[in-house]
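Me: I have a new protein chain open on my screen. Could you help me learn to read it?

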Amino acid sequence: MTMMQPEAEGQAPGHRALFGWSPPDLPADTTLKRRADRLLPRTGIPAVLYCAVVVGLLFLAPERGNLAVDGLAALAAGAWCAVNLWRCRHAHCVVTSTGWLALSIVAFAGAALGHSLIGGYEQPVFLAVLAASVLFECGWSMARGTNSLGRGTGTTARGPGAAGCGPGAAGCGTGAFPGR
């Protein structure tokens, strides 16, 4: 579930997940960013359906089976996280986008060669990337007081990148520093 973040000193309003889990979107100042915001399922039924498709693809690929389907699942999940990282900077998306996109390359290469390059462990690696991303975000959040990357993108007003940030804070997430 999302709500609109109020406009702050000339900054366009952006979507923000309720309960403060997601950092506010960066300003959609280009056509590409506006398209990504319209197409990226973040919450509600569209997000659940996207996740269900990824999980369904993983269930379609039997053990040590269809590497192309595993690759497609990893590509879909990694692409979603890469766009999400670009638009709202979730810390876990650094790990998931990199890990799942790399896994998709490995799975597609294995499909082209006719055998798994990692001994049929594509699905356990998929889950390991997910677990590593959760641990990374927990550590990032504990150390920095925010689950978003970059200076000025905090959501809890703790930590070095969080000073003055929060819903409606001027310059939050834009890289702009007050007084400069």
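**Reading the chain**

Reply: Gladly! From the N terminus on, the elements run β-β-α-α-α-α-α, which comes to 5 helices and 2 strands. Here helices (H or I, at least four residues) and strands (E, at least two) are DSSP runs, numbered from the N terminus. This is a predicted model, where local features need pLDDT of at least 70, side-chain atom pairs count only at pLDDT 80 or more, and totals for chains, interfaces and linings use all residues. Residues are numbered from 1 along each chain as its sequence is written, and side-chain values use heavy atoms, leaving out hydrogens and water.

Me: At what angle do helix α3 and helix α5 pack?

Reply: Two packed helices are described by the angle between their axes and the distance between the axes. Axes are lines fitted to C-alpha atoms, for helices over the stretch in contact, and angles run from 0 to 180 degrees between N-to-C directions. Helix α3 (residues 67–88) and helix α5 (residues 122–144) pack at about 15°, with axes 10 Å apart. They are therefore roughly parallel to each other (angles under 35 degrees).

Me: Which residues in α3 and α5 meet?

Reply: Contact means heavy atoms within 4.5 Å. Leu67, Asp70, Ala73, Ala74 and Ala77 in α3 meet Glu122, Gln123 and Phe126 in α5.

Me: Is valine 53 buried or exposed?

Reply: Buried means under 20% relative accessible area, exposed over 50%, partly exposed in between (1.4 Å probe, protein chains only). Valine 53 lies in helix α2 (residues 44–60) and is exposed, with a relative accessible area of 51%. In the protein chain, buried residues make up 39% of the 180 residues.

How values were computed
Parallel < 35°, antiparallel > 145°, perpendicular 65-115°, else oblique.
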